[in-house]
Amino acid sequence: MNKFFTTAILAATLLLAADAQATTPPQGPCGTADVPELSPARIGKTFDFSPAAQKAFKQNPDNEVYTDVFDIVGSGCSFYCGCDIGTIKASSTLAPQGKRSYKASNIHDLNYETAWVEGVKGDGVDQWIEYTLKADNPPITEICVVGGYVRTKKAWQENSRPAVLEVQVDGKRRCMLYLRDVYAEQWFDVGEIKPTGGKPLKIRFIIKSVYPGTKYADTAISEIYFDGTGVH
């Protein structure tokens with residue numbers, strides 16, 4: 001093999017390595033081989049909440065089942081016809097800023113205008129949010145994570161976003177979610193998660209690594225919601 005071809009192959013290898021590094025989320029400190037380490041199965045909707053998009057939304061008659069441009073599920077048929085979130089609690093919460101609150105329940109109000117923001121000093125690593133679903137909840141097969149404060153692109157950039165989330169089910173580590181740093185929904189296939197023994201189901205999401213914000217260290221998650229089976 002001559003020098004020209006050797007150089008070309010080396011350059012191509014370096015480019016591929018650089019591209020992989022740019023698109024692969026950082027490895028979390030608790031990533032281990034004993035649980036699945038999941039990347040998004042798909043990237044969902046990319047957000048456009050600009051004034052122009054909101055105006056167009058209101059003028060579109062096809063959007064009549066939705067409350068506004070920030071609405072997620074709408075009044076149509078979905079997994080939430082059978083899924084009943086019981087309670088949500090967090091390890092910490094950022095204090096309200098003016099009229100805006102960052103309470104735990106914001107993470108599952110099915111609206112992109114609000115967010116849960118952890119409230120400790122620093123970037124919130126090891127802070128968590130926990131769902132307690134009712135004992136008759138249908139099986140969950142997909143988890144959607146909307147990382148960051150997506151109300152505006154500016155707010156999303158200024159605040160930290162989760163890079164790695166540890167998922168615990170009933171106190172046992174189930175999987176690690178490796179998120180991309182994208183202004184969009186991220187969907188993960190998680191097998192089947194369902195209540196057992198007639199007891200409520202607890203799902204905890206623990207921040208293990210973050211993408212730093214440009215202005216604030218606070219880590220925000222706008223939504224974590226679910227899809228599954230057994231509803232229709």
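**Entry 1. Second largest pocket**

I looked up the lining of the second largest pocket and found Leu-94, Gln-97, Arg-100, Tyr-102, Val-117, Tyr-149, Arg-151, Ala-155, Asn-159, Tyr-216 and Asp-218. I note here that the model is a predicted one. The space in this second largest pocket comes to about 170 Å³. I then sorted its lining by class and recorded 6 nonpolar, 2 polar and 3 charged residues. Arg-100, Arg-151 and Asp-218 are among the residues of this lining, and I count Arg and Asp as charged.

**Entry 2. Largest pocket**

By class, I recorded 14 nonpolar, 6 charged and 4 polar residues in the lining of the largest pocket.

I also asked which strands supply at least two residues each to this lining. I found β2 (42-46), β9 (184-193) and β11 (220-228). With 3 residues, β11 gives the most to the lining of the largest pocket.

**Entry 3. Elements of the chain**

Read from the N terminus, the elements follow the order α-β-β-α-β-β-β-β-α-β-β-β-β-β.

**Entry 4. The open sheet**

I traced an open sheet of 6 strands, in which the order is β1-β8-β7-β10-β5-β3 and the pairing is mixed. At the edges I found β1 (37-38) and β3 (85-90), each of which pairs on one side only.

Strand β7, residues 161-169, pairs with strand β10, residues 201-211, in the antiparallel sense, and I recorded 8 bridges between them. I asked which residue of β10 stands opposite Val-164. That residue is Ser-209.

**Entry 5. The chain as a whole**

Finally, I looked up contacts between residues at least 6 apart in sequence. Of these contacts in the chain, 78% join residues at least 24 apart.

Methods. Residues are numbered from 1 along each chain as its sequence is written. This is a predicted model: local features need pLDDT of at least 70, side-chain atom pairs count only at pLDDT 80 or more; totals for chains, interfaces and linings use all residues. Side-chain values use heavy atoms; hydrogens and water are left out. Helices (H or I, at least four residues) and strands (E, at least two) are DSSP runs, numbered from the N terminus. On a 1 Å grid over the protein atoms alone, a cavity is a set of points where a 1.4 Å probe fits but cannot get out, and a pocket is an open set with protein on both sides within 12 Å along at least five of seven lines; lining residues have an atom within 4 Å of a point. Grid points are joined across faces, edges and corners, and a volume is the space filled by probe spheres set on the points. Two strands pair if DSSP finds at least two bridges between them. Contact means heavy atoms within 4.5 Å.
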